[in-house]
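Keep the sequence and the 3D view open while reading.

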Amino acid sequence: MDKIVVKGGRKLKGRVRIGGAKNAVLPMMAACLLTRGESVIRNVPVLADVITMKKVLERLGARVALRGHTLRVDTSTITDHEAPYELVRTMRASVYVLGPLVASIGKAKVSLPGGCAWGPRPVDLHIRALQELGARIEIDHGYIVAGASVLKGNTVVFSLPSVGATANTMMAAARARGKTIIVNAAREPEIVALADFINRMGGKIRGAGNDTIEVEGRAELSPAEVRVIPDRIEAGTYMIAGAITAGEIELENCVPEHVEVITQKLRQSGVVVEKSRNSIYVRGKRRLESVDVVTAPYPGFPTDMQAQYMSLMTIARGTCVISETVFPDRFTHVPELRRLGANIKIDGNTAHVGYIKRLSGAPVMATDLRASAALVLAGLVAEGETHISRVYHIDRGYEAIEEKLGALGADIKRVPE
Ligand code: UD1
């Protein structure tokens, strides 16, 4: 196992290129199962989660080749319908194969994802929606076992907007008979990107990005080519890297509109953020002000940026309140940030972040993907060295983070533990 060692105190300066979005490419890879033949996905980030999804598809019999940032998924040789526990356990998003498998081959057996470091994350909405499209589903020995001779379009009303359940339903409905209306759908850009991909396959999805999506089912879809949208969470993380080090950086290849709420919060706190068509300039300063945040589904403040934002707030003047409404106990980064000297109190789903003049380096442990990003960010300004162990978490969602930060002037290296 590797660890990352960061020596804090350097202002970051320069340009960084944002990669393709992890949360867009994973459902796109699953959507290839809706067709038979070779689909091509470009601008694919080389991440541990992408490799896990590649293994899931290969386990089903697909041929998958990743060369550089181009992924070819050939589904003409699908032979199986099972996503086993050992793969799903390492990546919840494996559940994305459920909808496409039921829709295209009439059966699926997918391990239940179970909990994660910060609490239970159910899949009841995915299951109920597929049942409403006519699938028979039972839970057997920790597996979701689904079957359907034919899926039929229906109106699916979600009690809350779930990214995963919206994507699974959209994929299944794309090959169902008749029209499906998804009410209270997730509005994330990754949902829009998935709908675009399915439409390139010959699907008919309207309204993605709004809270009501209409899917006209098609008997067949054809393989297609697509380019993955830029990763807004990677972008937000580098924006904070610029802000927290009082640096001056430019993000290339991003969609400023997708990080609008992060931009607003950073500006309120005193950071200069200037946007152009597909780049963002960020200039931090030494004295930042605290600004409260409430996480919410898109277009609200992303839960996937909460930990990184908290790192920034530890050294901002004043006290702020960060409320987590999407995953109420997503705070495993807090004890680790405290090791660096942060002044944070947790009360239910709310963190009260007080000001300290300076964080100081310490050994810390990455507990999940975004928590590890938060620790790297804190390490960039902490006095002395921060040793972050279990960095495999960070490789799930950030391509070459130490190289990108190193190129911006950070003192960061990956060493064997
Ligand atoms: C996706 C993202 C993840 C992000 C999250 C919220 C991917 C691969 N992952 O996860 O990075 O943090 O969106 O933006 O895109 N819920 C249920 N029942 C369900 C499904 C969800 O109650 O069947 C609840 C969850 O517990 C949570 C809320 O719905 O409180 C939103 O979760 P959801 O949008 O489904 O998250 P994921 O798709 O798992």
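## Two loops with a positive phi

Asn43 sits in the loop that runs between strand 3 (38-42) and helix 2 (48-59). Helices (H or I, at least four residues) and strands (E, at least two) are DSSP runs, numbered from the N terminus. The phi of Asn43 is positive, about 60°, although Asn43 is not a glycine. Asn43 counts as buried because its relative accessibility is 11%; buried means under 20% relative accessible area, exposed over 50%, and partly exposed in between (1.4 Å probe, protein chains only).

Ala400 is not a glycine, yet has a positive phi of about 50°. Its loop lies between helix 13 (392-395) and helix 14 (401-407). With a relative accessibility of 29%, Ala400 counts as partly exposed.

## About the model

The model is predicted: local features need pLDDT of at least 70 and side-chain atom pairs count only at pLDDT 80 or more, while totals for chains, interfaces and linings use all residues. Residues are numbered from 1 along each chain as its sequence is written, and side-chain values use heavy atoms, with hydrogens and water left out.

## Domains

The domain assignment of the chain gives domain 1 (2-19 + 230-416) and domain 2 (22-227); such bounds come from an automatic or database domain assignment. Taken over C-alpha atoms, the centres of domain 1 and domain 2 are 30 Å apart. Between them, 23 residues of domain 1 are in contact with 20 residues of domain 2, where contact means heavy atoms within 4.5 Å.

## The ligand

The ligand is surrounded by 19 residues, and the closest are Asp124, Ser162, Val163, Asp304 and Val326. The shell divides into nine nonpolar, five polar and five charged residues. In this grouping Ala, Val, Leu, Ile, Met, Phe, Trp, Tyr, Cys and Pro count as nonpolar, Asp, Glu, Lys and Arg as charged, and the others, Gly among them, as polar.

For Asn23, a polar side-chain atom is 3.1 Å from a ligand oxygen atom. In Arg330, a side-chain N or O atom is 3.5 Å from an oxygen atom of the ligand. For Asp304, the distance from a polar side-chain atom to a ligand oxygen atom is 2.6 Å. Taken alone, the ligand exposes 740 Å², of which the protein buries 85%; accessible areas come from the Shrake-Rupley method with a 1.4 Å probe, and for residues, only the protein chains shown count as cover. Helix 5 and helix 6 are the elements that give two or more residues to the shell.

## Helix 5

Helix 5 gives the most to the shell around the ligand, with three residues. Its residues are 124-132, and the buried ones are Leu125, His126, Ile127, Ala129 and Leu130. These pack against helix 4 (98-105), strand 8 (136-140), strand 9 (143-147), strand 10 (155-157) and helix 6 (163-174). After helix 5 comes Gly134, with a positive phi near 105°.

## Helix 9 and strand 18

Helix 9 (residues 260-269) has Val261, Ile262, Thr263, Lys265, Leu266 and Ser269 as its buried residues. Their cover includes helix 8 (232-244), strand 16 (272-275), strand 18 and helix 10. Gly270 follows helix 9 and has a positive phi, near 115°.

Val293 lies in strand 18 and counts as buried, at 1% relative accessibility. Val293 and Lys265 are 28 residues apart along the chain, and their C-alpha atoms are separated by 7.9 Å. Not counting residues up to four places away in sequence, Val293 touches Lys265, Phe301, Tyr309, Val321, Ile322 and Ser323. The loop between strand 18 (293-294) and helix 10 (306-313) holds Pro299. A cis peptide bond joins Tyr298 and Pro299, with omega about 10°.

Technical notes:
A residue is near a molecule or strand if one of its heavy atoms lies within 4 Å of it. A polar contact is a pair of N or O atoms within 3.5 Å; within protein, one must be able to donate a hydrogen and the other to accept it, and residues adjacent in sequence count only if both atoms are side-chain atoms.
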